[in-house]
Amino acid sequence: MNVLAGALSDTYSREEAILDGQLVDVSETAAKLGYRCQVAVTATLWHKYIDNPPELFEETKQRRVWDMLWLLRFAILPVNRTSHFNLTPGKPIAVKVTALADPDDYSEAAITIMLPGED
């Protein structure tokens with residue numbers, strides 16, 4: 001079962017993935033940018049590029065989330081459910097990420113942002 005694809009599952013849901021820390025919900029920030037669906041990032045992406053180092057000020061982490069979501073707005077193609085874009089989280093390197101738009105556990109729109117190779 002592809003946990004992050006948002007498909008219904010008898011064993012592990014998107015909601016459980018958020019509660020377990022496998023996904024980090026960034027929907028509150030996304031709503032401020034006009035997103036009208038749930039948006040989450042994988043724990044790997046969060047810990048490696050947003051919450052790194054962990055002692056960052058909260059506003060710095062929120063700025064990284066804001067920047068990532070802002071970049072995603074320009075990468076989304078209306079005919080595709082997957083977009084690829086580069087995330088530059090305050091470092092001189094670009095990080096390639098993938099955003100997958102799929103239904104959540106209740107068949108509502110949801111976006112999951114992940115690193116290449118994650119699903």
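The chain holds four helices and five strands, where helices (H or I, at least four residues) and strands (E, at least two) are DSSP runs numbered from the N terminus. Read from the N terminus, the order of elements is α-β-α-β-α-α-β-β-β. The model is a predicted one, in which local features need pLDDT of at least 70 and side-chain atom pairs count only at pLDDT 80 or more, while totals for chains, interfaces and linings use all residues. Residues are numbered from 1 along each chain as its sequence is written, and side-chain values use heavy atoms, with hydrogens and water left out.

**Overall packing**

Of the 119 residues of the chain, 43% count as buried. Here buried means under 20% relative accessible area, exposed means over 50%, and partly exposed lies in between (1.4 Å probe, protein chains only). The chain exposes about 6900 Å², of which carbon and sulfur atoms supply 55%; such areas come from the Shrake-Rupley method with a 1.4 Å probe, and for residues only the protein chains shown count as cover. A contact means heavy atoms within 4.5 Å. Among contacts between residues at least 6 apart in sequence, 43% join residues at least 24 apart.

**The nonpolar core**

In soluble globular proteins, nonpolar side chains tend to be buried together. A nonpolar core is a set of buried Ala, Val, Leu, Ile, Met, Phe, Trp, Tyr and Cys residues joined through side-chain atoms within 4.5 Å. The largest such core has 22 residues, and those with the most contacts inside it are Y35, V39, V41, L45, L69, I111 and I113. At least two residues of this core come from each of strand 2 (38-42), helix 3 (43-50), helix 4 (58-75), strand 4 (95-103) and strand 5 (109-114).

**Charged pairs**

Side chains of opposite charge can pair when their charged atoms come close. A salt bridge is a side-chain nitrogen of Lys or Arg within 4 Å of a carboxyl oxygen of Asp or Glu. By this rule the model has two salt bridges.

| Salt bridge | Closest N and O atoms |
|---|---|
| D51 and K61 | 2.7 Å |
| D67 and R63 | 3.1 Å |

Leaving aside residues up to four places away in sequence, K61 touches I50, D51, P54 and L56.

D67 and R63 both lie in helix 4, four residues apart, or about one turn of the helix. D67 is partly exposed, with a relative accessible area of 29%.

**The loop between strand 4 and strand 5**

What is found around D105, a residue that is buried yet has no salt bridge? D105 lies in the loop between strand 4 and strand 5. The nearest side chain of opposite charge, R14, is 6.5 Å away, where Lys and Arg count as positive and Asp and Glu as negative, with His and the chain ends not counted. The side chains of D105 and S13 are joined by a polar contact of 3.5 Å. A polar contact is a pair of N or O atoms within 3.5 Å; within protein, one must be able to donate a hydrogen and the other to accept it, and residues adjacent in sequence count only if both atoms are side-chain atoms.

Although S107 is not a glycine, it has a positive phi of about 65°. S107 counts as exposed, at 55% relative accessibility.
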